[in-house]
Amino acid sequence: MSRITPLNKKARRIAARFEGSFADAHALAPQDPPLGCTTIFAPGWEVDSDGGTANLCTPIERDLYDCHHSCYWPAQVPDALTNSPNWAQSCGAPVNDWSKIDLVFP
Amino acid sequence: MNYATAQHRRARGKDSTYVWATRSAALAALDAEALAVLDQFAAPQDPERWFGADEFTGEKRKSFDALAALGLLEPVDFQVPIPPDLPPMPYPLGTLVLNVTNKCNLSCTYCYEYGEDRPKDTSAGPALMSEDTARQAVDLLFKDSAGRRNLSITFFGGETLLNFPLIRSVSEYALAKAKAERRQMSFALTTNATLLSEEVIDFLTSHNFGINISIDGPRETQDAQRPFVSGKGTHEVVVPKIRQLIARNRERRGRPIGARVTVTAKSADVRTIYRHLALELGFDSVGFAPVTSAPGRDYALTGENYFTLLQAFDELADEFVVAALEGRGHGFSNLNDLLRELHQGVNKAHPCGAGLGLVGVSTGGELGLCHRFVESRTHAIGSVSAGVDEDRRRAFLEAGHVANKVSCHDCFARPICSGGCYHEAWVRYADATQPNLHSCEWIRAWMDLGLMTYARIMDGNPAFFTRYEEAA
């Protein structure tokens, strides 16, 4: 770490979070993604590069479920932790059941 | 997602540039290449494109990640406002400032206790704090300090030593209580030194008091600004007593003894004052406080005074650096405090601990934000008998939070200044929660001086900073 040397206590604490150096830091990826992703807002990737859904690598319904389940896409979905724990309960297989997903009005 | 260079302040060092990030208060040394990366983002751009072949590993990626983690690069699309959070309340008390008396035997020209700039109605309370009130205050400190092992009591006034019997009995009471609860108690006291006697000196040094003496410098300045009520000068009275105190304290290896100098438009040159107090009288540290006053008073500092003061601070800083490079300490306490805060990476949501870990107690037992606000009815936050009024305390801390001081949000001095003294703001703007806009330029220049001094010492003798590793 010759280029950037953390000096004060705060800088060293930040560096220590990344195991002594910044080498493994991934500033673009949150360290602990919040469940439900509702603390951030991004328009999401629900459309392909042509503006449609035909060329998505997985079905759009899968995208939506991923937002909820694995936080893979940073789009807004209901917060399943506290406010809407059951919003996707009736949706066993997203490809078939996506229309059964509840609407949630914040 | 586009990233941009985040707010920071720089000081040039020998081989690297010292960079202090405003949002995080992290301070790091950057070499020329790292600095170039930082400047790459002066105009916002998408790092994913900029990385090129370095997207997952490689130098560009490493530098970017490190700078982003330190808070020196930030996404422009997700500007996070300063969180207005308070720490978990009720915040445990750590320090009580007891105004043991409102009376004073001096008649300082700029006094905020009795002068025009007081927020308080000193005629309302008793002149001396009673034993009963003081004990109730100590009980409150022990009760409302859950989880703290170290507690402290600062005695303040008026002239504290006018109520020395109380200081002695309250200290013993608090020590006994601390022993029973297996906690550590420490004491501090501010005095004008006129009433230091053999007995008082013996008590203070044997109880390891942190002692601050209010003194404004050589004879002419001291006598003009800090006379007895009769008008007679105080210099020749206090000097022998101070020498005696310092000598006894050295024998007993007590805590450093500080001089606290109020600088006014009429003060002597700061370097002259420093030399007199540190070298001739032997004070361990000397701290300078620009006088608090509404504009227009004849002692109020003007822009030109502030400029001269900064120049003098600059020269004292040079002396400080010479000492530091040789591994010696220097008694310029303003700079010591600033370097400690820079090295700790202090990042304040509130400018000081008033109303947070610290409360002031009036002679009558009213609780105020700090010693400067006791007996100001509008700033009362309870009483020793009824306890802390948590609603009022919370309301004040929310209003005084830096998140609400919009003009501070684009200032690099924010982590340490946080808007400045509540009392100063009250005197200037009749609102304690306002930022002290009249001091901004000066504070920024002072922070720059601190950062430059940090760089010079870090370049030449980084080991010097081990003394600042522990929070004060």
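## Basis and confidence

This is a predicted model, in which local features need pLDDT of at least 70 and side-chain atom pairs count only at pLDDT 80 or more, while totals for chains, interfaces and linings use all residues. Residues are numbered from 1 along each chain as its sequence is written, chains are lettered from A and ligands numbered from 1 in the order in which they are written, and side-chain values use heavy atoms, with hydrogens and water left out.

The model has an ipTM of 0.86 and a pTM of 0.83. Confidence per residue is given as pLDDT, the predictor's own score from 0 to 100. For chain B the average pLDDT is 93, and 97% of the residues score at least 70. For chain A the mean is 63, with 40% of its residues at 70 or more. Within chain A, confidence is highest in β1(A), at 93, and lowest in helix α2 (residues 60-69), at a mean of 59. Helices (H or I, at least four residues) and strands (E, at least two) are DSSP runs, numbered from the N terminus.

Residues 23-44 of chain A keep a pLDDT under 50, and the model has 42 contacts for them beyond four places in sequence. A contact means heavy atoms within 4.5 Å. Where pLDDT is low, the predicted coordinates should not be read in detail.

## Domains of chain B

Chain B is assigned domain 1 (3-80) and domain 2 (93-472); such bounds come from an automatic or database domain assignment. The contact involves 14 residues from domain 1 of chain B and 20 residues from domain 2 of chain B. Taken over C-alpha atoms, the centres of domain 1 and domain 2 of chain B are separated by 38 Å.

## A sheet with strands from both chains

Four strands form an open sheet in the order β1(A)-β4(B)-β3(B)-β2(B), with antiparallel pairing. Two strands pair if DSSP finds at least two bridges between them. Because β1 (4-6) of chain A and β2 (8-12) of chain B stand at the edges with a single partner strand each, one side of each is left without a neighbour in the sheet. On average, neighbouring strands of this sheet are turned by 25° against each other, direction ignored.

The antiparallel strands β2(B) and β3 (residues 17-21) of chain B are joined by five bridges. B:Arg10 has B:Val19 in β3(B) as its bridge partner. Helix α15 (residues 440-460) of chain B packs on the sheet and touches β2, β3 and β4 (27-30) of chain B; its direction makes about 45° with that of β2(B). Axes are lines fitted to C-alpha atoms, for helices over the stretch in contact, and angles run from 0 to 180 degrees between N-to-C directions.

## The sheet of 10 strands

In chain B, 10 strands form an open sheet with mixed pairing, in the order β11-β10-β9-β8-β7-β6-β12-β13-β14-β15. Its edges are β11 (285-290) and β15 (387-388) of chain B, each with a single partner strand, so one side of each is left without a neighbour in the sheet. Strands β13 (residues 366-368) and β14 (residues 380-383) of chain B pair in the antiparallel sense over two bridges. B:Gly368 is placed opposite B:Ala380 in β14(B).

## Helix packing

Helix α11 (residues 333-344) of chain B packs against α15(B) at an angle of about 75°, with the axes 10 Å apart. The two helices α11(B) and α15(B) are therefore roughly perpendicular to each other. Angles under 35 degrees count as roughly parallel, over 145 as roughly antiparallel, 65 to 115 as roughly perpendicular and the rest as oblique. The contact of α11(B) with α15(B) has 10 nonpolar, four polar and no charged residues. Here Ala, Val, Leu, Ile, Met, Phe, Trp, Tyr, Cys and Pro count as nonpolar, Asp, Glu, Lys and Arg as charged, and the others, Gly among them, as polar.

The axes of helices α9 (residues 270-280) and α10 (residues 303-325) of chain B come within 9 Å and cross at roughly 45°, which makes α9(B) oblique to α10(B). Their contact includes six nonpolar, no polar and four charged residues.

## Backbone geometry

Most residues other than glycine have a negative phi, and most peptide bonds are trans. B:Ala25, which is not a glycine, has a positive phi of about 65°; B:Ala25 lies in the loop between β3 and β4 of chain B. The peptide bond from B:Met89 to B:Pro90 is cis, with omega near -5°.
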